[in-house]
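Student: I have a new model open on my screen and would like to learn how to read it. Could you walk me through it?

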Amino acid sequence: METPQRQLLLDLKPEQPPTLNNFVTGANGELLRRLRNLCETHSFDALYIWGPPGSGKSHLLAAAAACASEQRPVKHLQGAQAGDELSPAPGSLLVIDDVQQLGPEAQIALFRAFNAARFLGLALLLAGNEPPLRLTLREDLRTRIGQTLIYEIQSLSDEEKAAALWRHAIERGMLMDAGVVHYLLRHGRRDLPSLMAMLNNLDRASLEQKRPPTLPLLRELMQTSLDLEKS
């Protein structure tokens, strides 16, 4: 059981919800502009974005859904949870993450949504882990997805990741040496969400142990994380 002090520390700095503004853009500027356009009621585009785990797909879909919900109906689903009836409202934005996990009935339902999009004034935002031709979906649906606006999420450079980590640290009020970020980039996982998570763990450990967020503390945390993965 966590002590009241530990629970208080963990609650000090809640994580920010995903938005289009706190996504690190890098070379994805055109994609961000398209997603902002989907928030408008007059937009009826169909977009498909893809990239490996940790590339930011779920962040972008959740952020676009939240942005659009201020102006139009939104239906936001995970592929594995979608059923045989999507029933999007007229003029709405249909958002489905991990389309590669759609079941047979859900694939038919999405194909029908494509067919009805023109008449209902729907916009569609889909994401998956592969380009359309590699998706393990029924052929007619894969073809429809392949006719959308397709964007591969572009990876960030190490310089862009370092800038994002420093900005995140500043937002959390962390005072740390430059060596912390450099070490994390050299020895941590390559995707930004994992790097951010380790930085958050460093901040929490610093508060709990009343130690500055230094390189020795980071090494301890990364070694502990490695030991847990091996056990």
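Student: Which handedness does the β-α-β unit made by β3, helix α4 and β4 have?

Tutor: First, a word on the source: this is a predicted model, where local features need pLDDT of at least 70, side-chain atom pairs count only at pLDDT 80 or more, and totals for chains, interfaces and linings use all residues. Residues are numbered from 1 along each chain as its sequence is written, and side-chain values use heavy atoms, leaving out hydrogens and water. Helices (H or I, at least four residues) and strands (E, at least two) are DSSP runs, numbered from the N terminus. A crossover is right-handed if, with the strands pointing away from the viewer, the path from the first strand over the helix to the second runs clockwise; the unit of β3, α4 (residues 104-120) and β4 is right-handed.

Student: What is the order of the strands in the open sheet?

Tutor: Two strands pair if DSSP finds at least two bridges between them. β4 is joined to β1 (residues 46-50) by 5 bridges and to β3 (residues 93-97) by 4 bridges. Another 4 bridges join β1 to β5. With parallel pairing, the 5 strands have the order β2-β3-β4-β1-β5.

Student: Which strands stand at the edges?

Tutor: Each edge strand has a single partner strand, so one side of it is left without a neighbour in the sheet. The strands in question are β2 (74-78) and β5 (149-152).

Student: How many residues of β4 are buried?

Tutor: Buried means under 20% relative accessible area, exposed over 50%, and partly exposed in between (1.4 Å probe, protein chains only). In a regular strand the side chains alternate between the two faces of the sheet. Here A123, L125 and A127 are buried on one side of β4, and L124, L126 and G128 on the other. For β4 (residues 123-128), the count is 6 of 6.

Student: Which residue of β5 is the bridge partner of L47?

Tutor: L47 stands opposite L125 in β4. In β5, the partner of L47 is L149.

Student: Is R142 buried or exposed?

Tutor: R142 lies in helix α5 (residues 139-146). Not counting residues up to four places away in sequence, R142 touches P132, L133, L135 and L137, where contact means heavy atoms within 4.5 Å. Its relative accessibility is 16%, so R142 counts as buried.

Student: Which residues of α9 are buried?

Tutor: What covers the buried residues of α9 includes α7 (178-187) and α8 (192-209). The buried residues of α9 are L217, L218 and M222.
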